[in-house]
Amino acid sequence: MSQSLSHRSRVALLRAELKRRKLTGFFVPRADEFQGEYVPAYAERLRWLTNFRGSAGIAIVTLKKAAIFVDGRYVIQVRQQVDEKIFAPFHLMEQPPAAWIGKNLKAGDRLGFDPWLVTADQAQRLRAACEGVGAEFVALESNPIDAVWADQPRRPSAALATQPTQFAGRTAAEKLKDIRAALGSNDAVVLTQPDSVSWLFNLRGFDVPHTPVVAAYVILPRKGKAQIFIAKEKITEEVAAHLKPIADIRPSKEIEAALKALGKAKSKVLIDASATPERIREVLHRAKAQVALGADPVSLPKARKNKAEQQGARNAQARDGVAVTRFLCWLEHTDPSSALTELSVAAKLQEFREETGELKDLSFETISAAGPHAAIPHYHVEEESNASLGQDEIYLVDSGAQYIDGTTDITRTVIIGTPTPEMKDRFTRVLKGMIGLSRIRFPKGTCGSQLDVLARQHLWAAGLDFDHGTGHGVGAYLSVHEGPARINKSDRTALEPGMILSNEPGYYKEGEYGIRIENLVMVQEAKPLDGGDRPMLGFETLTLAPIDRRLIASMLLSDDERAWLNTYHARVLKEVGDHLEGEELAWLKRACAPV
């Protein structure tokens with residue numbers, strides 16, 4: 001059974017396995033046991049089954065029907081990659097899986113799921129949906145896709161590394177003390193999110209592409225040593241010595257026994273139901289532990305970057321800005337008729353980052369999108385889709401890097417040739433939104449959903465919008481998508497000093513072009529104003545690279561917006577220009593000229 005097996009045949013094999021297990025259907029999330037956005041190859045079950053290659057999605061396969069659910073980033077992409085004769089596509093928010101279950105299952109049906117791949121929250125909602133029609137949501141001991149995926153990749157076993165305190169800012173022992181103090185009446189917490197484990201123990205792992213997190217579970221008691229459950233072949237002598245004073249290292253397979261021991265001791269155990277596998281909750285519940293539901297106590301301290309992490313972020317962004325600026329100069333000076341393609345241009349950008357001598361990895365696969373492909377917000381270029389950069393077309397590149405001192409994420413949209421008036425209008429409306437969010441001052445306690453409209457208002461005024469969030473959190477040499485704070489229409493997490501978020505409004509015209517402008521910003525305390533009587537916060541812009549002036553309809557900019565843009569470009573010229581010379585510096589001076 002090779003990878004060339006058709007997806008119709010793969011669905012048929014899965015259905016045969018479901019019949020054998022006396023199941024009506026199976027729930028297939030794009031997830032591994034740690035619920036991360038990026039997963040190792042062995043966990044790409046959704047892609048193997050459906051050919052969908054996005055970073056988030058869910059399929060439900062019954063004996064007679066199949067559906068796939070994606071969010072707004074992927075509504076175009078899913079139809080390009082998935083055979084709609086096999087899988088009916090649905091919008092994850094507008095037509096969620098629970099609603100589909102209510103319409104397509106009946107009394108007596110048994111929908112199976114892998115309890116390691118579904119969170120406790122998800123399981124509760126889906127179980128209720130099944131019970132609402134008299135069906136059953138069945139936790140399985142083994143994954144039926146694994147039973148029919150003959151050449152499923154092996155689980156990775158890359159060795160861990162320690163994160164030096166000069167970049168982490170605090171020792172693991174200091175962080176552990178703080179988290180224990182935050183446990184309150186709980187006897188222990190089970191940590192399941194890899195970035196939480198990585199940050200707390202000052203470790204980095206390399207099992208997942210582009211995201212240097214540690215795939216491990218941790219039980220942290222209020223008193224006594226932590227237990228970290230991980231494959232022992234990943235532990236080097238250096239890592240073992242680093243962990244010895246603060247944690248006992250145990251094999252991954254012993255996690256359930258340790259959870260049962262918590263139950264035997266009648267412990268009150270905190271779990272984050274939005275991130276913890278249902279299997280962990282179930283084992284604790286059956287073992288008679290007192291299960292307390294609450295937020296991962298590491299999540300907020302991790303998001304509030306300390307002084308060392310803040311300075312690391314500035315250093316990483318400055319370094320990355322030089323690489324991106326050199327790339328933009330190269331792109332403008334390269335004749336489009338020289339057969340530039342999405343893949344070759346992305347490879348060239350990576351070369352510039354590698355020339356810094358500090359690149360650890362990309363922070364995600366570069367979104368290199370020419371012309372109509374730019375209208376797909378999370379377009380993924382492959383050999384079969386690799387397009388040439390065309391004259392008078394937009395090119396959008398969303399990319400990032402992992403450096404030991406910080407994680408970067410930047411999007412720039414440029415014109416190859418001459419833009420249409422509509423392109424300039426849409427680009428400028430997006431730019432105005434990005435500037436509005438960059439300039440805002442806001443009171444403490446403000447959350448991202450209260451600011452999101454600033455990035456959309458100028459699009460809304462023209463009857464336009466974009467179907468993705470405006471901003472996500474970013475880690476410190478960790479995940480490029482970090483919680484808990486976000487800037488979108490619904491997030492309720494208060495923004496706090498030290499949080500790093502993206503500011504990335506966009507506009508997408510299906511089949512023609514797409515626009516996105518993205519800078520990273522860091523929440524900081526704002527300088528008091530004369531007459532002001534409340535403490536305020538604001539954003540420090542971290543990203544440094546020119547914005548394409550050729551796409552700006554300057555008459556649409558207000559005086560304040562024009563002043564912000566010219567000040568930003570003056571800063572780019574100073575801080576990036578100090579590292580350039582010759583033609584690259586001359587180009588940057590032109591690119592940063594006042595509007």
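Colleague: How many bridges join strand β18 to β19?

Modeller: In this predicted model, two bridges join strand β18, residues 401-403, to β19, and the two strands run antiparallel. In β19, Gly406 is the bridge partner of Tyr403.

Colleague: In which order do the strands of that open sheet lie?

Modeller: The sheet is open and has three strands in the order β15-β18-β19, with antiparallel pairing. Its edge strands are β15 (361-362) and β19 (406-407), each of which pairs on one side only.

Colleague: Which strands does helix α14 lie across, and at what angle does the helix run to β18?

Modeller: Helix α14, residues 307-333, lies across β18 and β19 and runs at about 130 degrees to β18.

Colleague: Which residues of the largest nonpolar core touch the most other members?

Modeller: This core has 58 residues, and those touching the most other members are Phe327, Leu331, Leu389, Tyr395, Leu431, Ile547 and Leu565. Helix α14 gives the most to this core, with seven residues. A second, separate core of 29 residues includes Leu160, Val213, Val214 and Ile246.

Colleague: What does Leu331 touch, beyond residues up to four places away in sequence?

Modeller: With those excluded, Leu331 touches Leu340, Val345, Leu389, Tyr395, Val414 and Ile416.

Colleague: Why do α18 and α19 count as roughly antiparallel?

Modeller: An angle over 145 degrees counts as roughly antiparallel. Helix α18 (residues 559-577) and helix α19 (residues 582-591) pack at an angle of about 170 degrees, with their axes 9 Å apart. The angle therefore makes α18 roughly antiparallel to α19.

Colleague: Which residues make the contact of α18 with α19?

Modeller: From α18 they are His569, Val572, Leu573, Val576 and Gly577, and from α19 they are Leu585, Leu588, Lys589 and Ala591. By class, this contact has six nonpolar, two polar and one charged residues.

Key
Residues are numbered from 1 along each chain as its sequence is written. This is a predicted model: local features need pLDDT of at least 70, side-chain atom pairs count only at pLDDT 80 or more; totals for chains, interfaces and linings use all residues. Side-chain values use heavy atoms; hydrogens and water are left out. Two strands pair if DSSP finds at least two bridges between them. Helices (H or I, at least four residues) and strands (E, at least two) are DSSP runs, numbered from the N terminus. Contact means heavy atoms within 4.5 Å. Axes are lines fitted to C-alpha atoms, for helices over the stretch in contact, and angles run from 0 to 180 degrees between N-to-C directions. A nonpolar core is a set of buried Ala, Val, Leu, Ile, Met, Phe, Trp, Tyr and Cys residues joined through side-chain atoms within 4.5 Å. Buried means under 20% relative accessible area, exposed over 50%, partly exposed in between (1.4 Å probe, protein chains only). Angles under 35 degrees count as roughly parallel, over 145 as roughly antiparallel, 65 to 115 as roughly perpendicular and the rest as oblique. Ala, Val, Leu, Ile, Met, Phe, Trp, Tyr, Cys and Pro count as nonpolar, Asp, Glu, Lys and Arg as charged, and the others, Gly among them, as polar.
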